[in-house]
Amino acid sequence: KDILSINYKKLKQKGIKTLFFDFDNTLIEMGNYTLKEEYEKLIKKLQKDFKLMIVSNSIHASKLDNVCSKYNISYVGASFKPFSFGFKKAEKLVGFKEKEICMIGDQLLTDVQGGLKMNYFTILIDPINDNEHLLTKINRHRENRIFKRGKYYE
């Protein structure tokens, strides 16, 4: 359902050492510059067990920097998911192998598909809200068609 409902203990048991999070509608509402209080508490708790990294398609560096600097989280913006460019840059920053990384996001066609191409463990969550960019709305329509067919990844 959301980042609060993920069993992080199981991820740690699977050998996951790094969590790559999408940003908009995964960690933060579109148009917002602060995390929900319960998300903030979770992030602080997760930092004890995992290296956290934001991998976002957002081109708004000031928004990413504002949030990430507050919580001491590294990020890669304009990552062009599902292409490998941003993921490879993030991997270099964290220094962990693909099997030690979990990608968590709200979009099948960017976050999950990109993570699967990189051989990461992936988790698809529901978006925080319906406020989205036009391209994301188009992707949601495509995702819904995929879900109806029962084909979740390529």
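Which residues do ring pairs link into a cluster? Ring pairs join Phe20, Phe87 and Tyr120 in this way, where rings of Phe, Tyr and Trp (its six-membered ring) pair if their centres lie within 6.5 Å.

## Basis of the model

The model is predicted, so that local features need pLDDT of at least 70 and side-chain atom pairs count only at pLDDT 80 or more, while totals for chains, interfaces and linings use all residues. Residues are numbered from 1 along each chain as its sequence is written, and side-chain values use heavy atoms, with hydrogens and water left out.

## The sheet

Five strands form an open sheet in the order 3-2-1-4-5, with parallel pairing; strands (E, at least two residues) and helices (H or I, at least four) are DSSP runs numbered from the N terminus, and two strands pair if DSSP finds at least two bridges between them. The edges are strand 3 (74-76) and strand 5 (121-124), each of which pairs on one side only.

Strand 1 (residues 18-21) runs parallel to strand 4 and is joined to it by four bridges, with Phe20 having Met103 as its bridge partner in strand 4. Met103 in turn has Thr122 as its bridge partner in strand 5, and the chain passes from strand 4 through helix 5 (residues 108-117) to strand 5 in a right-handed β-α-β crossover, a term meaning that, with the strands pointing away from the viewer, the path from the first strand over the helix to the second runs clockwise. Strand 4 (residues 101-105) and strand 5 pair over four bridges in the parallel sense, and Gly105 stands opposite Leu124.

## Burial of strand 4

Five of the five residues of strand 4 are buried, so the strand is largely enclosed by the rest of the structure; buried means under 20% relative accessible area, exposed over 50% and partly exposed in between (1.4 Å probe, protein chains only). Ile101, Met103 and Gly105 are buried on one side, and Cys102 and Ile104 on the other.

## Aromatic pairs

The count of aromatic pairs comes to four. The rings of Phe80 and Phe85 have centres 6.4 Å apart and planes at 55°, so this pair is tilted, since planes under 30 degrees apart count as stacked, over 60 as edge-to-face and the rest as tilted. Phe80 is exposed at 51% relative accessibility, and Phe85 is partly exposed at 49%.

Phe87 and Tyr120 form an edge-to-face pair, 5.6 Å centre to centre with 80° between the planes. Phe87 lies in helix 4 (residues 84-94) and Tyr120 in the loop between helix 5 and strand 5, so the pair ties together parts that are 33 residues apart in sequence. Phe87 is buried at 0% relative accessibility, and Tyr120 is buried at 4%.
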